[in-house]
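Reader: Could you take me through the packing inside this one, and what sits around it? I'd like a close look at that single part, in plain talk.

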Amino acid sequence: MKIWVDADACPAVIKEILFRAANRAQIPLTLIANQMLRVPASPWIRALQVPSGFDVADRRIAEEVVAGDLV
């Protein structure tokens, strides 16, 4: 299982909760946005930058997600 987040509109407080949860449960968390994101150093957390555009982050998540993942 992996957690995928369209981070462009995700509130900072929610990102912090997700960071803690991913580390505590040792579940990979990927934040996708059209801007560079700062994420804590962790083997469980990564950020991917996609080009600007309507639903670009959503499309990237749809390409990567598999059954059992949380979006």
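Author: Start with the largest nonpolar core, which has 13 residues; Val5, Ala7, Leu29, Leu31 and Ile45 are the ones that touch the most other members. By nonpolar core I mean a set of buried Ala, Val, Leu, Ile, Met, Phe, Trp, Tyr and Cys residues joined through side-chain atoms within 4.5 Å. Buried is under 20% relative accessible area, exposed is over 50%, and partly exposed falls in between (1.4 Å probe, protein chains only). At least two residues of this core come from each of S1, helix H1 (12-25) and strand S2 (29-33). Those labels are DSSP runs numbered from the N terminus, with helices (H or I) of at least four residues and strands (E) of at least two.

Keep in mind that this is a predicted model: local features need pLDDT of at least 70, side-chain atom pairs count only at pLDDT 80 or more, and totals for chains, interfaces and linings use all residues. Numbering runs from 1 along each chain as its sequence is written, and side-chain values use heavy atoms, with hydrogens and water left out.

Now pick out Ile45. Skipping neighbours within four places in sequence, Ile45 is in contact (heavy atoms within 4.5 Å) with Phe19, Ala22, Asn23, Leu29, Leu31, Val39 and Pro40.

S1 and S2 run parallel and are joined by four bridges; strands pair if DSSP finds at least two bridges between them. Ile3 has Leu29 in S2 as its bridge partner. Together, S1, H1 and S2 make a right-handed β-α-β unit: with the strands pointing away from the viewer, the path from the first strand over the helix to the second runs clockwise.

H1 also holds Lys15. Lys15 is buried but has no salt bridge, and the nearest side chain of opposite charge, Asp8, is 7.7 Å away. A salt bridge here needs a side-chain nitrogen of Lys or Arg within 4 Å of a carboxyl oxygen of Asp or Glu; Lys and Arg count as positive, Asp and Glu as negative, and His and the chain ends are not counted. Beyond residues up to four places away in sequence, Lys15 touches Ala7, Cys10, Leu31 and Leu37.

Last stop: the loop between H1 and S2, where you'll find Gln26. Gln26 isn't a glycine, yet its phi is positive, near 55°.
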